[in-house]
Amino acid sequence: MDIESRQPVVFATVRIKGKALGVISNTDGGFKIPLKHKLTGEVLEISSMGYEKIEVPLSMFNDKTILAINMKPALFELNEVTVSKRRRRAVNFSAREIVYKAIENLPNNVSMEPYSYVGYYRDYQLKNESYNNLNEALLQVYDQGFNISDYETSKIRIFDYRQNTDFPIDTLGLKPYDYSKRTKTISNATLSGYGGNEFVILRIHNPIRNYKINSFDFVNRFDSDFTRNHTFYKEEDVIVNGEYLYHVSFELLGTKVEVKGDLYITQDNFAITGFNYITYKKQGKGDSEKTILFETKVEYIEEGGKMYLSYHSMNNSFRLATPPKLQLEDTTLDLNRNQFILEFTNLLDEKSASRLSNYDIIFNGEPLKFDAITIIGNEVSLIPDLDNKKSRDLFREIIYLANRDKITSENLRIELKRIKDEKGNLINEPDYENRKQFREFFVQELQLESSIVPKDNLLMKKNRPLFKNQPINKPDNFKDYWMNTPLPNIKN
């Protein structure tokens, strides 16, 4: 956590000193390390944008309590000789010039050669500040090089995956997005999956790796649309691991949403180390805080003079239709009293429930007429108008079919309107919840020499859900990697 604000340091890089292995801290600042690294006397190196790098011996940790680690913000007053051998250039570039140079230098700063990396993937939802529907996986990605289509050529091998049942499973939240029936939607945005599964969707929406294809609004094509769509501002430099970086913020004006973001770029070769992009719902007069509609964060680290993915996260708010609080639960035809009995889920508001015009019972396309209604609690008794010849004949036919169990929803239809329960809930009116969806991938190990794609049938099927009948292939050193499962409640 930040030693001054006491807030979590999110997505801090946590590495085992002298090794390529590591993880990224969660949205609550938390992380876990396998016990075996403590037993061998390992030391952690922890770094994050704008903070001083620290080292923590794993001997300080235990498996009973949570250790709080404080990070100090990096200060510009530090002696320049001890901070970095690389300092800002004499040329005073504008914010837009820095961004242009960063995009222009992408082919020079990232690897054009095949390489691979192992990482921890998860997707989950937040409901009432608690994790729901948590899925986890350990994956190896074989990237064929920056100049080749990621979607078409990159291959993935799944070491292991699981749907974590230690967290609540909410099947309603697992439903796919549906913009036709509006049962699950992202306000003012859609995310194209290009026909891929959850992990593929996350990778596609990395505008750095896929800078030549259309990504999310309003980055679109990073190499051409991004600079045209946004306004850029030069902020104070930031320090990361003793190196000064350009900090360029940006925004988008004149749209239905509010967009803000940040780019972090090295000063010697204009390599992009960090990219944050946030789309907010425009605030109304009564809104106390901004609502994030969509957010993506990407961070790259340097290895051998090239930049490689460190982590990528993507989250969005969504509106979920939940079952109506007032519904018709059961319908009974009482043959002894010649009436329909409708049973509802809640106690009824007598004023709205006592209006005969709010009930339509239609048999073979013909409406029945009623001349009396009785309400007791959550039950309504409808008495047909048997003085009306048409209704009398229809009701007799209903009784005839009912005695032979031939009444179906096709020949007898019940339509209800304007009926409320005693709390004011309208019949069949869905309720809505606002939730958050997260997809995250944290690189645990770069394998620059292990780039040959296996020629077998054990690669992930990109168009099949990640957690359904995918091939699993655990390597001999599988225990070197771990799932950084978060704590159940992010407030704790």
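Author: One term to begin with: a residue is called buried under 20% relative accessible area, exposed over 50%, and partly exposed in between. Also, this is a predicted model.

Reader: OK. Which exposed residues does α9 carry on the face turned away from its buried side?

Author: Lys 389 and Arg 396 are the exposed residues on that face of α9.

Reader: And which residues of α9 are buried?

Author: Ser 391, Leu 394, Phe 395, Ile 398 and Leu 401 are buried in α9. Looking down the axis of α9, the buried residues fall within an arc of 125°, so they line one face of the helix.

Reader: Why would residues a few places apart point the same way?

Author: An α-helix has 3.6 residues a turn, so residues three or four places apart point the same way.

Reader: How many residues does α9 have, and how far does it reach?

Author: Helix α9 runs over residues 389–402, which is 14 residues. From first C-alpha to last it reaches 20 Å, close to the 20 Å expected at 1.5 Å a residue.

Reader: What covers the buried residues of α9?

Author: The cover includes the strands β16 (328–334), β17 (339–344), β18 (359–363), β19 (366–367), β21 (379–384) and β22 (412–416).

Reader: What happens at the start of α9?

Author: There, a side-chain oxygen of Asn 388 comes to within 3.1 Å of the backbone nitrogen of Lys 390.

Reader: Changing topic: how many aromatic pairs are there in the whole structure?

Author: A search finds 31 aromatic pairs. One of them is Phe 340 with Phe 395, an edge-to-face pair with 6.0 Å centre to centre and 70° between the planes. Phe 340 is in strand β17 and Phe 395 in helix α9, 55 residues apart, and the pair links these distant parts of the chain.

Reader: Is that pair buried or exposed?

Author: Phe 340 is buried, and Phe 395 is buried too.

Reader: Which rings are linked into a cluster?

Author: Ring pairs link Tyr 115, Tyr 117, Tyr 121, Tyr 161, Phe 199, Tyr 308, Phe 441 and Phe 467 into a cluster.

Reader: Which rings have the charged end of a Lys over them?

Author: Phe 270 has the charged end of Lys 101 over its ring, 5.8 Å from the centre. Tyr 280 has the charged end of Lys 290 over its ring, 4.8 Å from the centre.

Reader: Next, where does Phe 442 lie?

Author: Phe 442 lies in strand β23, residues 431–447. With 1% relative accessibility, Phe 442 counts as buried.

Reader: What does Phe 442 touch?

Author: Leaving out residues up to four places away in sequence, Phe 442 touches Phe 11, Ile 24, Asn 26, Gly 119, Tyr 120, Arg 122, Ser 310 and Tyr 311.

Reader: And Ser 111, where is its place?

Author: Ser 111 is in the loop between α4 (106–109) and β5 (115–127). Its relative accessible area is 8%, so Ser 111 is buried. A polar atom of the Ser 111 side chain lies 3.0 Å from the backbone oxygen of Glu 113. Residues up to four places away in sequence aside, Ser 111 touches Gly 145, Phe 146, Lys 306, Met 307 and Tyr 308.

Reader: Last topic, the backbone. Which peptide bond is cis?

Author: The bond from Asp 217 to Phe 218 is cis, with omega near 10°. Most peptide bonds are trans, and most residues other than glycine have a negative phi.

Reader: What is the phi of Asn 220, then?

Author: Asn 220 has a positive phi of about 50°, although it is not a glycine. Asn 220 is in the loop between α6 and α7, and Phe 218 is found in the loop between α6 (198–204) and α7 as well. Asn 220 is buried, with a relative accessible area of 14%.

Reader: And Arg 418, what is its phi?

Author: Phi of Arg 418 is near 60°, a positive value in a residue other than glycine. Arg 418 has its place in the loop between β22 and β23, and with a relative accessible area of 47% Arg 418 is partly exposed.

Conventions
Residues are numbered from 1 along each chain as its sequence is written. This is a predicted model: local features need pLDDT of at least 70, side-chain atom pairs count only at pLDDT 80 or more; totals for chains, interfaces and linings use all residues. Side-chain values use heavy atoms; hydrogens and water are left out. Helices (H or I, at least four residues) and strands (E, at least two) are DSSP runs, numbered from the N terminus. The expected span of a helix is 1.5 Å times one less than its number of residues. Buried means under 20% relative accessible area, exposed over 50%, partly exposed in between (1.4 Å probe, protein chains only). The arc is that of the directions from the helix axis to the C-beta atoms. Contact means heavy atoms within 4.5 Å. A polar contact is a pair of N or O atoms within 3.5 Å; within protein, one must be able to donate a hydrogen and the other to accept it, and residues adjacent in sequence count only if both atoms are side-chain atoms. Rings of Phe, Tyr and Trp (its six-membered ring) pair if their centres lie within 6.5 Å; planes under 30 degrees apart count as stacked, over 60 as edge-to-face and the rest as tilted. A charge sits over a ring if NZ of Lys or CZ of Arg is within 6 Å of the ring centre and within 35 degrees of the ring normal.
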